[in-house]
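Hi,

Here is the structure I promised to pass on.

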Amino acid sequence: AVQVYVALGANLAEPVQQLDVAVTALKTLALNNTLTVSAYYRSKPMGDVIQPDYVNAVAGFQTELLPIELLDALQDIEQQQGRLRLERWGPRTLDLDLLLYGTQHINQPRLCVPHYGMKQRSFVLVPLADIAPTLTLPCNTSLESLISVTMRDELQKLID
Ligand SMILES: CC1(C)Nc2nc(N)[nH]c(=O)c2N=C1O
C-alpha cells in the first residue's frame, strides 16, 4: 500500500457540499479507515482570475491503486460531480489533484507527481499540514519550511 495525498477544490454549485461528496467518494479508494481529511478553507482565486472564492481541503489515505488507476478514479469522481470546467483555470464544480504518491516522482504525459504547483499554493500547503504536519516532500523539503504566515493569512478556515 502507498500513502497518497489529494487536493480538493471547488468554487461552483455549493462548494462545501461538493467537497463532502468527494470525500465520501475518496473513501472508496482508500484502504479501510485510512482516509484523513483537513479542515475546509475558503480563499480568493489564485491566478488573477475573476471567479467565485474557492473552498479547498486535502485528503490523505493508503491505497493499493497504481498511479494511473488512481488518476482515472479521481477523474471519474470529478465527472460524477458534473465536472463543469469550461476553460483552463476557469471555475469548476470539483478539482481533485494528486499531490503525492508515496515518495515517488512520476513524470508521465497524464500525470506529474509531486503536483507541479503545490509548493507555491497556500490552499494546498496549509490543509496538507493539518493532516501531515511533519511531512517531508520527495525533494527533501519539509512542509513546515514552505508555509509562511502570509500563506495562512490567505485562507479562512471554515468551521462546520
Ligand atoms: C484557478 C486556480 C489556479 N486557482 C485556485 N485558487 C484557489 N484559491 N483554490 C484553487 O483550488 C484554485 N485552483 C486553480 O486551478
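Below is what I found, starting with the cores.

Keep in mind that this is a predicted model. The largest nonpolar core has 30 residues, and Leu-26, Phe-61, Leu-96 and Leu-98 are the ones with the most contacts inside it. Two or more residues each come from strands E1 (2-10), E4 (54-63) and E5 (95-101), and from helices H1 (15-27) and H2 (67-80).

Leaving aside neighbours within four places in sequence, Leu-96 is in contact with Val-6, Ala-7 and Leu-8, with Ala-22 and Leu-26, and with Leu-74, Ile-77 and Glu-78.

Eight of its 10 residues are buried, so H3 is largely enclosed by the rest of the structure. The buried stretch is Ser-122, Phe-123, Val-124, Leu-125, Val-126, Pro-127, Leu-128 and Ala-129. What do those residues pack against? On the strand side, E1, E3 (40-43), E4 and E5; on the helix side, H4 (143-146) and H5 (149-153).

Last one: Arg-92, which sits in the loop between H2 and E5. Its relative accessibility is 5%, and because the cut-off for buried is under 20%, Arg-92 counts as buried. The side chain of Arg-92 also makes a polar contact of 3.2 Å with the side chain of Tyr-54.

Cheers

Conventions. Residues are numbered from 1 along each chain as its sequence is written. This is a predicted model: local features need pLDDT of at least 70, side-chain atom pairs count only at pLDDT 80 or more; totals for chains, interfaces and linings use all residues. Side-chain values use heavy atoms; hydrogens and water are left out. A nonpolar core is a set of buried Ala, Val, Leu, Ile, Met, Phe, Trp, Tyr and Cys residues joined through side-chain atoms within 4.5 Å. Buried means under 20% relative accessible area, exposed over 50%, partly exposed in between (1.4 Å probe, protein chains only). Helices (H or I, at least four residues) and strands (E, at least two) are DSSP runs, numbered from the N terminus. Contact means heavy atoms within 4.5 Å. A polar contact is a pair of N or O atoms within 3.5 Å; within protein, one must be able to donate a hydrogen and the other to accept it, and residues adjacent in sequence count only if both atoms are side-chain atoms.
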